[in-house]
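Work through the exercises below with the sequence and the model in view. Each task is followed by its solution.

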Amino acid sequence: MRTARASDLSMVGRLSDFPLLDAVYVGTVRSPVSRGAIRSISVPHLPRGYRSVTADDIPGSARIDSIGASVPVLASGRVAYRGEPVALIVGPDRLRVAEAVSMTAVRVDEEPASFGYEACESRRLVAAYSTDSGSVDAALAKAARVVDGEYRMGPQDHYYPEPQGAAAGFDYDKLIVFSSTQWPFQARDAVAQALGVRKDEVVVRTTSLGSHLDGKLWYPSLLACHAAIAARLSGKNALLLLSRTDDFMYTTKRAPTLVSYRAGLDEAGKLVAMDASVMINVGAYAPFGAELVERAAKAVAGAYACPSLRVAARAVSTDLPPMGAFMGLGTGPVAFAVERLAEDLADAAGMDPYEWRAMNVARRGDQTLGPPLRKGAPLDAVCDRLLAISDYPRKRSSFELIRKRRPDPSSPPGYGIGLAFGPQRPATALSCRDAQAPSVEVTLSKDSTLTIRSSVASGSGAVTRIWKRIAATSLGLSPEAVEVATPSTDEVPDSGPNVFSRRIGVVTRLIGSACDGLASKRFREALPITVRKSQRARSAKAAPESPLDDASWGAAVVELELDPVDAAPTVRGIWLVAKAGRILSREDAAAALERDAAVALGLCVAECLDLSDGPADPGDLRRYGLWRIKDAPPIQVEFVDDDAEPKGIGELAYSLVPAAFANALSQALDSPWNALPTCRRSEGVDDDS
Amino acid sequence: MIVEFILNGEDVSLKADPLERLSDLLRERFDLTSLMSDCREGVCGKCVVFLDGLLVNSCMVPAFKARGTEVVTYEGFKSTESFATVERSFREAGAELCGFCDSALFMAAGSLIEATVRPSEEEIMEVLSSVYCRCVTPSRALGAVKAALESSLGGKYGRAR
Amino acid sequence: MRVDDVSAPQTIAEAVAVLKRQPGALPWAGGTLILTSRGSDGAPVSVLDLGRIPELRAVSRSDRYLELGACVRLATIQALPGSLALQPLRDAIGLVGTATVRNLATLGGNVASRDSFMTCFPSLACMDATVELRDASGSRWTGIHSLVDGSGRPAFPAATLLTRIRIPTAPWDAFALHRLGEPTKGDAFASTFAAAARFEKETISELRLIASGRTLARDRALELSLIGKRLPLTVKDVEEAQEAAREQAIEAGFPARLAERFGAYVMSFLANVQEGGR
């Protein structure tokens, strides 16, 4: 059998295509229970060429510590969730490895497990963030109307186009790791830590990411450690591929979130106080727990001005697999909640939902989130266009008439249209181990080709084309002369994680700046010339900024109709308008938003997962309904002209469409709908046969 | 058992367990990695192949059912005019794909082009939905297939459903 | 599931002979249901591959019937001319899997399931389909309802082949097909509601109201009580029908929520019938 050096494998697109040339497969032995002390791990007799790996065999650190939590590479002593990796079986035949895994017995002294998070015991609290401004209690006491609301978003799967995995192999003294990761430098550091080697002895090459919904921020690093350890101990290339079932059951999911509000309005309908609580179920270990609660807390007021605001956001650890990011860290469920609340507040005030928003939107100078807003939230600019193209005002009035005048009040009205408005916060650094200064490099070669280097894998053809166009225009080249290097940590600078629209918001700007720098040197210095640009960290002395400054903004309208028998909603249309700075490619941006809106809607009505009684099982995967592209309704996307620097739009649809959908559904049912996905209504009810 | 069939125009013969999935055989024995072995339940559609001219989920075809059939994978489909038409149409329509489902979506589009009756929009979306994909913009995919149909059918098959 | 051996007969007679020798042999048409519902454990089975029997893929038509071989693919049925009054069956097929799965799945496989009634069954029952069964003692035609036992459970006879399905092609004036619910922890497959009606001189002349899942619910007394009634039905008749249907579904073992939904769909169907049908 041929032996390939890992460095021969420069381009691996999909992990499942990793060439098997003399490689070993890595199977994962997992905890059978959710919580307890490991009593023993009994591995069957393994033939020659096969071996087992436990925590004791890890050459370096047995934990990954770089993600705001300490996650064991392999559990040792105790297990914290069912499915937690306890050992690895490594060998040349995939089926024999799988057989050995199934025959390995992990005995655990099982302890009672806890999956609930809404009523938190203090020992389960892993992260908290709170703010308190103004006089919330006094303002609520004086308020003309007080509205209480509880809004829930359940766990959901990222359903990656390829189940997760990793591959690793040695190229002389360096270990090359292939990983489908949003954060290759984080993976590199985790692997180096686990192997007990220097960072420059490990190279991570990013494989195709596909649609990841932010689920590949840190979990790929764990798998990379497993593959790397297997490669190190076996001396061969190692491939670890989760099955779809294992990926579904054991890897990160959207963190279930409960947002509770008590909000007060004055006589005119103005928001005077808000007391908000956010509870997030982060499962075991709580990576990014602090990040989740902070971002959730800062999203609680949405786009609205509130003179007295109290927020308590808590991340609660449970005995579920680690939960986490899902299109943004912590903001999606809160965006849903605040826009549902806005509708409820409008209703309490007897106002049209748009009028209520217009009255309460945060204007320039607003200090709800602390520092004064430099520019007000552009509700008018965005919604003027949105309301026109969706015909929201007329439809809403018609549906209200149907609602109020229907002959049988016990039957739902059946028609609804909902609005949502909100921001996507600018690309920011993750507080835990982010790039010191996100950087890019550009190199102009003697043959007049330009190479762009960044660790933020441009899996998007649209973004690649934008980068090439910017670079080509800046240097007077043709776009065909520009290439984007495949991210490999030994060849590209650290641009930080591919999250929060960093590619557009940060990296694109740095590329432009780097190319400008190149242009100024081009005819003065000999080729090749390399220019590196980094984003400077904000000075500690700089005036504090509102989290909403430099946000991109959007609004969505969803119209739907209910089935007269089972009240299942059919969406008739989605309209989205965004204001996100200079749009570098309208066509591509519109296509991306349309696609995101379709996926976001699918997440509202399908993709149901109930983890309230424990982790997922294979039956849950079978029942996990997936929306198809044929299910998408007509979707119209427009942009508001804006001269500001380009901003990200990747999270907008996921923040706005669920809320607009739930607002429409609430009108169509004449009853508030405060939990997504909608199929959660039937959780546990069906199984009464 | 011995399983013999025609694969991308060539006669092949191999020993396989009767229940071994065609998707696994194609990937592992013939190194035809265009198709992915993912859900193994006919849900994701990333393993589609043409089996006697019909687009099917190869994970739902056990080895014994493949005997005597003609199988065309993406590797074989790529040499056809239909592929060229589909690939060009997707590109021109800006229907960006992520690299995981491309081959399956192209095959699905190809099956529509090679059908003898012009499909309706609903039928196009129904066939494209055989492949579960979060990356493609629905209207772009539809536009791409319609453009491909226009350029390939060119009025040759005039009958609409 | 492990397979010991595979027989691939070329004729129905050969297939029946195999079943006679090996009554436990697993008939395999498209196999889509088998592959998704059986795990990898269990005793080895013998497979009877029905894919090489041309008669089982035949489609033929007379003035009054459409006859489909049991191995006719669902996609083939969907592609049959629209002039054929097959809409209840087409609607049901549209709910099965994806287009590529329907290129493999067969009508016989959908009908002959032994654990649950699959999606096409209630449509065929509404359409008064008959099935040809063949075993060692010969062949017989029987109404599709003979595949339901006294407790409403599937009762496909052992060591028997389903070879043809015959569907009367007289059109229905009204029909409806809906999913009753999604798969649950208790039921791996979704339940289905199917209804069909014919009218004559402003009265209901024929009526079918069926719910199927793990069991089949059909209240013939209810159907008979409504036949002959003038259209539009009274509110009282519709509400009584809703309640009777719900109770029938409960008695048949449907969960309360699905039984409610069955009643609601019956009510909706009968109310629409008042408005002139589908």
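**Exercise 1.** State how many helices and strands the secondary structure of chain A comes to.

Solution. In this predicted model, chain A has 15 helices and 26 strands.

**Exercise 2.** Decide whether the radius of gyration of chain A agrees with that of a compact globule.

Solution. Start from the length, 689 residues. The globule rule is 2.2 Å times the number of residues to the power 0.38, so a compact globule of this length would have a radius of gyration near 26 Å. Chain A has 26 Å, which agrees. Along the principal axes, the box filled by its C-alpha atoms is roughly 80 × 75 × 50 Å.

**Exercise 3.** Describe burial and contact range in chain A.

Solution. Take burial as 20 or more other C-beta atoms within 10 Å of a residue's own; 57% of the 689 residues then count as buried. Next, keep the contacts between residues at least 6 apart in sequence: 81% of these join residues at least 24 apart.

**Exercise 4.** Characterise the side of chain B that touches chain A.

Solution. Count the contacts: 24 residues of chain B meet 26 residues of chain A. Then assign helices: helix 6 (121-128) and helix 7 (138-153) of chain B each supply at least two residues of this side. Helix 7 of chain B gives the most, with 4 residues. By class, the side of chain B that touches chain A has 13 nonpolar, 6 polar and 5 charged residues.

**Exercise 5.** Do likewise for the side of chain C that touches chain A.

Solution. Here 15 residues of chain C are in contact with 12 residues of chain A. The chain C residues divide into 5 nonpolar, 5 polar and 5 charged.

Terms used: Residues numbered from 1 in each chain as written. Chains lettered and ligands numbered in written order. Predicted model: local features only at pLDDT ≥ 70, side-chain atom pairs only at ≥ 80, totals over all residues. Buried ≥ 20, exposed ≤ 12 C-beta atoms within 10 Å, placed from the backbone. Contact = placed C-beta atoms within 7 Å. Nonpolar A, V, L, I, M, F, W, Y, C, P; charged D, E, K, R; others polar.
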